[in-house]
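Here is a short report on one chain and its ligands.

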Amino acid sequence: MQECNSCGKCCTKYSDGGLSVTEDEIAIWEIFNPELMDYVKDGKIWMHPQKGNQLTLCPWLRKAPNKNIYTCDIYEDRPDDCKFYPVTIQQMKDDECEMLQSADLAQPIKAQIALDRLMSDSRPPLKKG
Ligand code: SF4
Ligand code: SF4
């Protein structure tokens with residue numbers, strides 16, 4: 001298991017309707033990040049500010065010039081769905097997350113423990129069962 005290398009695959013895959021936010025997160029944005037609310041409609045993200053339809057790509061995703069490195073313009077205020085990713089080894093396999101290394105595939109239980117440790121600043125460990 002290695003640190004995230006900002007390949008952007010997760011943001012690209014999930015930001016066109018695969019992310020959700022809670023009412024509490026929206027309430028906080030309404031007070032502290034009203035600019036984000038332009039992209040929220042009926043509790044869904046990320047929506048076109050004028051047309052109201054689902055965007056195909058997160059408006060806060062930025063690609064570094066001449067590099068395959070992506071950053072988030074709202075990193076500190078991003079949704080919990082983004083903060084918590086990745087959650088499981090299977091999800092990482094499905095998404096071809098580049099944190100995953102070949103040794104992790106051979107020992108998925110150990111890899112999950114390593115992942116939870118790496119993510120401990122962002123989310124609680126995966127609950128079993
Ligand atoms: S809000 Fe940030 S972390 Fe979430 S999908 Fe957009 S760019 Fe990625
Ligand atoms: S897919 Fe994995 S390595 Fe790539 S940006 Fe997302 S968390 Fe990081």
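How many helices and strands are there in the chain? There are six helices and two strands. Both kinds of element are DSSP runs numbered from the N terminus, helices being H or I with at least four residues and strands being E with at least two. This is a predicted model, where local features need pLDDT of at least 70, side-chain atom pairs count only at pLDDT 80 or more, and totals for chains, interfaces and linings use all residues. Residues are numbered from 1 along each chain as its sequence is written, while chains are lettered from A and ligands numbered from 1 in the order in which they are written.

**Fold**

From the N terminus on, the order is α-α-β-β-α-α-α-α. The C-alpha trace spans about 50 × 40 × 20 Å along its principal axes. Of the 129 residues in the chain, 17% are buried. Buried requires 20 or more other C-beta atoms within 10 Å of a residue's own; exposed is 12 or fewer, partly exposed is in between, and C-beta atoms are placed from the backbone. Two residues are in contact if those C-beta atoms lie within 7 Å. Among contacts between residues at least 6 apart in sequence, 57% join residues at least 24 apart.

**Cores**

A nonpolar core is a set of buried Ala, Val, Leu, Ile, Met, Phe, Trp, Tyr and Cys residues joined through C-beta atoms within 7 Å. The largest one has eight residues: Cys10, Cys11, Val21, Ile45, Trp46, Cys58, Cys82 and Tyr85. A second, separate core has six residues, including Ile89, Met92, Ala111 and Leu115. Valine 21 touches Ile26, Ile45 and Pro79, leaving aside residues up to four places away in sequence.

**Ligand shells**

A residue is near a ligand if its C-beta atom, placed from the backbone, lies within 6 Å of it. Ligand 1 is surrounded by Cys11, Ser15, Cys58, Trp60, Leu61, Cys72, Ile74, Arg78 and Cys82. That shell divides into seven nonpolar residues, one polar and one charged. Here Ala, Val, Leu, Ile, Met, Phe, Trp, Tyr, Cys and Pro count as nonpolar, Asp, Glu, Lys and Arg as charged, and the others, Gly among them, as polar. Ligand 2 has 13 residues around it, and Cys4, Cys7, Lys9, Cys10 and Cys97 come nearest. The ligand 2 shell holds seven nonpolar, three polar and three charged residues.

Most residues other than glycine have a negative phi, and most peptide bonds are trans. The table lists the exceptions described here.

| Site | Feature | Angle |
|---|---|---|
| Isoleucine 45 to tryptophan 46 | cis peptide bond | omega near -20° |
| Tyrosine 85 to proline 86 | cis peptide bond | omega about -5° |
| Serine 6 | positive phi | about 60° |
| Glutamate 96 | positive phi | about 55° |

Tryptophan 46 sits in the loop between H2 and E1. Proline 86 is in the loop between helix H3 (80–84) and helix H4 (89–95). Serine 6 belongs to the segment before helix H1 (9–14). Serine 6 counts as partly exposed because it has 16 C-beta neighbours inside 10 Å. Glutamate 96 lies in the loop between H4 and helix H5 (102–106). Is glutamate 96 buried or exposed? Glutamate 96 is exposed, with 11 other C-beta atoms within 10 Å.

**Glycine 43**

Glycine 43 is found in the loop between helix H2 (23–32) and strand E1 (61–63). It counts as exposed because it has 11 C-beta neighbours inside 10 Å. Glycine 43 and serine 20 are 23 residues apart in sequence, yet 8.1 Å apart in space, C-alpha to C-alpha.
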